[in-house]
Amino acid sequence: FSALSHPGPACCYCHNVLTRLFNHHPPHVICQNEHKTNSHRNKMKSLSLSETTKLLIAEYLKATSDKRPLQSFSTPKLSLRNTLRKSKDSLRRLSYQPSKYPTFLTQAKTGLVNNPPELCEEGTGGTYFLKNSQNASVAVFKPSNEGPLCPQNPKRNNNNDTFHFQGFVPGEETKREVFAFLVDNHFAGVPETLMAEVSHWIFTDDKGISGTPNSMFRTKEGSMQQFVPDVQCSVDDMGCSKFSLEDVQRIAILDMLLVNCDRNGGNILVQKNSCKLVPIDHAFCLPDYRHLSDLQWFEWLTWRQSRQTVLPEVIQFIDKFDVSEAVLKATKLGIRNECILTLQLAHAFLKHVLTTKPQLTLCEIAKLMCTRGSQPSVFANLVTRASFPSDNATILRLFSQELRKYFSS
């Protein structure tokens, strides 16, 4: 700019530069914290025009490079997280670029202007229904820092501190929600799920206290899942006789592959008329491989469909499953290495059993993976025998040896 040599403090001229740069957005829009607005202005006034303009340009470039719209903090917003942050302390997230912007996200973004997210009464963490412009639910948002074990959880109480799962770290549940959808790839019907960012006053503060319309806006990252319409109930409220063999076995094999520690009757939905099953809530998949005792039960274990001959498509799902690609996706999402190894071990176990013991049902295989009481499962014992202090490749090699020894005896 030719005006960089303009002498004296920057005030009105600074505003004019901003107006041109930001298409008539006021200067305070670019502040990252609304409470810093006044101090930001004072800082601007104390700088020379050259220093001020450089600062403004730097902030402008930072904002545009992150592909975030410059937007007032008084307006709710929703955006996809398509880039990886460079900060080592921030969440890494999968670069998710659908062929077109998902319809349910477009509807949620429109509805967010007038319809605040609705906190779900069920569950142990912060889960919000996002509405469209007609105030109908279209998406389910779970902030990463409002999970069951997180301090910002609006439902946190003393009972959360005795949570029985040991192989999970607070705040990583939303990564698994996205990963379950990517791994399933429409096989068992996990609803479309992706990482997103939402700004609204309703979200909790550091103490887990929900905001009010007068609160400052808080921006939170988390998993965004398409809302399932026409739900009659969960499987808790209906007998299994109406469920299709295909639905049950597809969900069962996905649960075992992901070592889903929380497959209870409340997180399988039943749609009206068709009684089609929809699996949701995959926050507690893939525990640390050193804590496989977290897996104790699957809701479908007692259903007759799990005791029938394994369908060819289920066997094919495991046989053709691309472990390397799944590991890459999990790594990009920031899932811990100890938990990625759990996926690799589970896949090796299932593939070996389905190949060498074709007479076993999914119910029988699942019982080999589930810990009952103080007795570790066969799966957990085999992993323990192979888990010397070593790298993942060595553990997998030793695990394969243990598998062959156990099932050949």
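This is a predicted model: local features need pLDDT of at least 70, side-chain atom pairs count only at pLDDT 80 or more; totals for chains, interfaces and linings use all residues.
Strand 3 covers residues 128-131. Y128 and L130 point to one side of this strand, F129 and K131 point to the other, and all are buried. Strand 2, residues 118-119, pairs with strand 3 in the antiparallel sense through two bridges. Within that pairing, E118 stands opposite F129.

Strand 4, residues 137-143, runs antiparallel to strand 3 and is joined to strand 3 by four bridges. F129 has V140 as its bridge partner in strand 4. Strands 3 and 4 form a hairpin with five residues between them. In the turn of this hairpin, N135 has a positive phi of about 65°.

An open sheet is formed by three strands in the order 7-8-9, with antiparallel pairing. Its edge strands are strand 7 (231-234) and strand 9 (277-279), each of which pairs on one side only. On average, neighbouring strands in this sheet are turned by 30° against each other, direction ignored.

Strand 8 comprises residues 268-271 and pairs with strand 9 in the antiparallel sense over three bridges. In this pairing, V270 of strand 8 stands opposite L277 of strand 9.

## Nonpolar cores

In soluble globular proteins, nonpolar side chains tend to be buried together. The largest nonpolar core in this model has 80 residues. F179, I253, M256, W300 and F349 touch the most other members of this core. Helix 9, residues 337-356, gives the most to the core, with ten residues. Apart from this core lies another one of 17 residues, including L112, V138, F141 and F217.

The contacts of F349, leaving aside residues up to four places away in sequence, are I365, L368, M369, F379, L382, F399, L403 and F407.

## Packing of helices 11 and 12

Two packed helices are described by the angle between their axes and the distance between the axes. For helix 11 (residues 378-386) and helix 12 (residues 392-408), the axes come within 8 Å and cross at roughly 130°. Helix 11 passes helix 12 in a right-handed crossing.

On the helix 11 side, the residues in contact are V378, F379, L382, V383, R385 and A386. They meet I395, L398, F399, E402, L403 and Y406 in helix 12. F379 and L382 on the one side, and F399 and L403 on the other, are also among the residues touched by F349.

## Packing of helices 7 and 9

Helix 7, residues 312-319, packs with helix 9 at an angle of about 135°, with the axes 9 Å apart. That angle makes helix 7 oblique to helix 9. The crossing of helix 7 past helix 9 is left-handed. The contact joins I315, I318 and D319 in helix 7 to H347, L350, K351 and L354 in helix 9.

T174 lies in helix 5, which spans residues 173-184. Is T174 buried or exposed? T174 is buried, because its relative accessible area is 3% and the cut-off for burial is under 20%. Not counting residues up to four places away in sequence, T174 touches K142, P143, S144, M195, G222 and S223. Of these contacts, K142 and P143 belong to strand 4, residues 137-143.

Note on methods. Residues are numbered from 1 along each chain as its sequence is written. Side-chain values use heavy atoms; hydrogens and water are left out. Two strands pair if DSSP finds at least two bridges between them. Axes are lines fitted to C-alpha atoms, for helices over the stretch in contact, and angles run from 0 to 180 degrees between N-to-C directions. Buried means under 20% relative accessible area, exposed over 50%, partly exposed in between (1.4 Å probe, protein chains only). Contact means heavy atoms within 4.5 Å. A nonpolar core is a set of buried Ala, Val, Leu, Ile, Met, Phe, Trp, Tyr and Cys residues joined through side-chain atoms within 4.5 Å. A crossing is left-handed if the near helix is turned anticlockwise from the far one by less than a right angle, and right-handed if clockwise. Angles under 35 degrees count as roughly parallel, over 145 as roughly antiparallel, 65 to 115 as roughly perpendicular and the rest as oblique.
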